[in-house]
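This briefing covers one protein and its ligand. It starts with a single loop residue and then moves to the fold, the core and the ligand shell.

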Amino acid sequence: MNGKTVVCMMAGALISLSGAFAAERPAGRAEAKSGEILIAYYSWSGNTRFAAEQIQKATGGTLFEIKPVKAYPKDYKACVDQARKECPAGFRPELASKVADMAKYRIVFVGTPNWCGTMAPPVRSFLASCDLSGKTVIPFVTHGRGGMANCEKDMRKACPKAKFGKGGAFAGAGIRKAGGALKNWLDEVIAVRKQPK
Ligand SMILES: Cc1cc2nc3c(=O)[nH]c(=O)nc-3n(C[C@H](O)[C@H](O)[C@H](O)COP(=O)(O)O)c2cc1C
């Protein structure tokens, strides 16, 4: 092996290494006008809705509630039983409505409760139902102690053509007192530009 070959191999290794990091690296702090920001979320018991509303207030973006045609059981145990079947299978329930004008949004916050270590099935349906290529998806998750788990990773897999901002994970039980943590994360992931009047 001569010197040139070694240099080529090292350069190749560096390029593939930087590619591997680029796939996982957050896109950095996104910049957008409030009219370009969508906050889509699913919430079963209200925690993720609360987080979504805080993001809406801070950014001026548009809220969109992801609703399955057939609501999940109100009973906790029945809901967990159903989720335990659906989540590992990657099930996608039919949704009741669509975002009216997806083309105008560049930044899409996507909120989900952590269900069985991944996103709730309606969120999987949402990601499959819209074209997110070239848009920046910023995941946010509320959980019962399991943190982000595979939620962000599975969202990335579900929309490989989207860019991703750094996801935020917040304990559901403390979400109404997590203003500081939520605000710090928002400051890290987005800068909202003023809309011209
Ligand atoms: C069906 C179901 C499955 C859940 N699975 C998990 C889990 O695997 N890990 C976890 O930390 N919390 C789990 N939780 C708790 C929720 O993630 C947590 O309470 C969340 O804040 C609920 O958000 P929501 O009020 O927006 O529905 C689960 C809750 C439900 C109803």
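Thr118 sits in the loop that joins strand 4 to helix 4; helices (H or I, at least four residues) and strands (E, at least two) are DSSP runs numbered from the N terminus. The model is a predicted one, in which local features need pLDDT of at least 70, side-chain atom pairs count only at pLDDT 80 or more, and totals for chains, interfaces and linings use all residues. Residues are numbered from 1 along each chain as its sequence is written.

**Thr118**
- Thr118 counts as buried because it has 22 C-beta neighbours inside 10 Å. The classes are buried for 20 or more other C-beta atoms within 10 Å of a residue's own, exposed for 12 or fewer, and partly exposed in between, with C-beta atoms placed from the backbone.
- Leaving out residues up to four places away in sequence, Thr118 touches Cys87, Ala149, Asn150, Cys151 and Asp154. Contact is defined as C-beta atoms, placed from the backbone, within 7 Å.
- Between Thr118 and Ala149 the C-alpha to C-alpha distance is 6.6 Å, while their separation in sequence is 31 residues.

- Ala149 has a phi near 45°, which is positive although the residue is not glycine.
- Arg145 has a phi near 125°, again a positive value in a residue other than glycine.
- Most residues other than glycine have a negative phi.
- Ala149 is partly exposed because 17 other C-beta atoms lie within 10 Å. Arg145 is exposed, with 8 other C-beta atoms within 10 Å.

**Helix 5**
- Cys151, Glu152, Met155 and Ala158 are buried in helix 5, which spans residues 151–158. They lie on the same side of helix 5 because they cover an arc of only 120° around its axis, the arc being that of the directions from the helix axis to the C-beta atoms.
- Strand 4 (107–113), helix 4 (121–129) and strand 5 are among the elements that cover these buried residues.

**Overall fold**
- The protein contains six helices and eight strands. Their order from the N terminus is α-β-β-α-β-α-β-α-β-α-β-β-α-β.
- Of the 197 residues in the protein, 34% are buried.
- Among contacts with a separation of 6 or more, 83% join residues 24 or more positions apart.

**Nonpolar core**
- The largest nonpolar core has 40 residues, and Ile39, Ala40, Val108 and Phe109 have the most contacts inside it. Such a core is a set of buried Ala, Val, Leu, Ile, Met, Phe, Trp, Tyr and Cys residues joined through C-beta atoms within 7 Å.
- Elements that each supply at least two residues of this core include strand 2 (37–41), helix 2, strand 4 and helix 6 (179–189). Strand 2 gives the most, with five residues.
- Val108 touches Leu38, Ala40, Leu132, Lys135 and Val137, not counting residues up to four places away in sequence.

**Ligand shell**
- The ligand is surrounded by 21 residues, of which Thr48, Pro113, Gly144, Gly146 and Gly172 are the closest.
- The shell has seven nonpolar, twelve polar and two charged residues. Here Ala, Val, Leu, Ile, Met, Phe, Trp, Tyr, Cys and Pro count as nonpolar, Asp, Glu, Lys and Arg as charged, and the others, Gly among them, as polar.

Terms used:
Contact = placed C-beta atoms within 7 Å. Near = placed C-beta within 6 Å.
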